[in-house]
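Q: Could you walk me through this structure, one feature at a time? I would like to learn how to read strands, sheets and the ligand site.

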Amino acid sequence: MTTVLKLGGSVITDKDRAETVDGEALDRAADAVARATDDLVVVHGGGSFGHHNAEAHGVSTTAGTHEIGGLTEIHSAMKALNGLVLRRLHDRDVPAVPVHPLSAASRDPGGELTLPAEQVATLRAEGFVPVLHGDVIAHRGEGVTVLSGDEIVTSLARDLDADRVGLCSTVPGVLDTDGGVIPRIERFDDAADALGGAESTDVSGGMAGKVRTLLALPTPASVFGLDDLSAFLDGEAPGTTVG
Ligand SMILES: Nc1ncnc2c1ncn2[C@@H]1O[C@H](COP(=O)(O)OP(=O)(O)OP(=O)(O)O)[C@@H](O)[C@H]1O
Ligand SMILES: C=C(C)CCOP(=O)(O)O
């Protein structure tokens, strides 16, 4: 069983304080990962790391930069968070291995992503837990643009033929307009009211973008909160099932 798990940047960091992890949340997430029995590929987002640097340099998933200072700042911030995630996993004897997308991924002029998965598949097959992160990547005609953790999840889920896909976020699932968790979303329209409609989709984050990209996957995916991470890794489908 291969599971692709994203730890939301907003879950494992303190979003109100620049470049600060939420130590307690990261410990809980690392505990759950350490107990998992499936083959795992972990992806994490930025939260209070990376996003403000990207914003400061005007870099998004579509608008790039050729400025080496901006590139270095964003990439270094994400690598710093990746290092902190790895340390907590190593503390629990998880054989976690960093995989930095900047070294391997790229976009064509239309923004189409190429993210090699063979090294990730081989690391996993050899018993390691690859840990990827949102990053900046080469983008033909733009310099570098942001690659979000959500894009990594969908690309890897396809290429690795993942059995299970989970997004651990700050919310217990996709919420309806009354704040209740929507158990299943099979079409975007099932949640369009709560997600602000199709027009507000933001590919770099936010729930509308997540739901839209998860719906395009062949495998149903779960969106859930940290309280349900262990249940998800135990094979349950907590929160919202998308697809
Ligand atoms: N209908 C909805 N249901 C649930 N969350 C929603 C909804 N509409 C908007 N949101 C927002 O989407 C956020 C989750 O998206 P976000 O991109 O912040 O998640 P993440 O993956 O955990 O973090 P990051 O993108 O930093 O890695 C929630 O915190 C919530 O504020
Ligand atoms: C470099 C950045 C800003 C990474 C973004 O990853 P995300 O938090 O998954 O959107």
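This is a predicted model: local features need pLDDT of at least 70, side-chain atom pairs count only at pLDDT 80 or more; totals for chains, interfaces and linings use all residues.

Q: Which residue of β7 is the bridge partner of S106?

A: The partner of S106 in β7 is A138. That bridge belongs to the pairing of β4 (residues 106-107) with β7 (residues 135-139), two strands that run parallel and are joined by two bridges.

Q: In what order do the four strands of that open sheet come?

A: The general idea is that strands of a sheet pair through backbone hydrogen bonds, either parallel or antiparallel. Here the order is β5-β4-β7-β8, with mixed pairing. At the edges stand β5 (113-114) and β8 (143-147), each pairing on one side only. Helix α6 (residues 149-159) packs on this sheet and touches β4, β5 and β8. The direction of α6 makes about 80° with that of β8.

Q: What connects β7 and β8, and how do they pair?

A: They form a hairpin with three residues between them, and they pair in the antiparallel sense over five bridges. One of the bridge pairs is H139 with G143 of β8. A detail worth checking in the turn is G141, which has a positive phi of about 90°.

Q: Is β8 largely enclosed or left open by the rest of the structure?

A: Five of the five residues of β8 are buried, so the strand is largely enclosed by the rest of the structure. An edge strand can still be covered, as β8 shows: β8 pairs on one side only, yet its residues are buried.

Q: Let's move to the other sheet. In what order do its eight strands come?

A: Read across this open sheet, the order is β3-β6-β2-β1-β9-β11-β12-β10, again with mixed pairing. The edges are β3 (96-99) and β10 (184-185); each has a single partner strand, so one side of each is left without a neighbour in the sheet.

Q: Which strands pair with β1, and in which sense?

A: On the β2 side (residues 39-44), β1 pairs in the parallel sense over six bridges, and V4 has V41 as its bridge partner. With β9 (residues 164-169), β1 also pairs in the parallel sense, over five bridges. There, the bridge partner of L7 is C168.

Q: How should I read the two faces of β1?

A: In a regular strand the side chains alternate between the two faces of the sheet. For β1, T2, V4 and K6 lie on one side and T3, L5 and L7 on the other, and all are buried. Six of the six residues of β1 (residues 2-7) are buried, so this strand is largely enclosed by the rest of the structure.

Q: Where is T241, and is T241 buried or exposed?

A: T241 is found in strand β12 (residues 240-242) and counts as buried at 13% relative accessibility. Its contacts beyond four places in sequence include P183, R184 and A221. As for the strand, β12 pairs with β11 (residues 221-225) in the antiparallel sense over three bridges, and A221 has V242 as its bridge partner.

Q: Which helix lies across β9, β10, β11 and β12?

A: That is α8, which lies across β1 as well and runs at about 175° to β9.

Q: Which residues are closest to ligand 1?

A: Of the 19 residues that surround ligand 1, the closest are G9, S10, T170, L175 and K210. By element, α1 (9-12), α7 (192-195) and α8 (206-215) each supply at least two residues of the shell, and the largest share, three residues, comes from α8.

Q: Which polar atoms lie by ligand 1, and how much of the ligand does the protein bury?

A: A polar side-chain atom of S10 lies 2.8 Å from an oxygen atom of ligand 1, and one of T170 lies 2.9 Å from an oxygen atom of the ligand. From the backbone, an N or O atom of A194 lies 3.3 Å from a nitrogen atom of ligand 1. Taken alone, ligand 1 exposes 640 Å², and the protein buries 76% of that.

Terms used:
Residues are numbered from 1 along each chain as its sequence is written. Chains are lettered from A and ligands numbered from 1 in the order in which they are written. Side-chain values use heavy atoms; hydrogens and water are left out. Two strands pair if DSSP finds at least two bridges between them. Contact means heavy atoms within 4.5 Å. Axes are lines fitted to C-alpha atoms, for helices over the stretch in contact, and angles run from 0 to 180 degrees between N-to-C directions. Buried means under 20% relative accessible area, exposed over 50%, partly exposed in between (1.4 Å probe, protein chains only). A residue is near a molecule or strand if one of its heavy atoms lies within 4 Å of it. A polar contact is a pair of N or O atoms within 3.5 Å; within protein, one must be able to donate a hydrogen and the other to accept it, and residues adjacent in sequence count only if both atoms are side-chain atoms. Accessible areas come from the Shrake-Rupley method with a 1.4 Å probe; for residues, only the protein chains shown count as cover.
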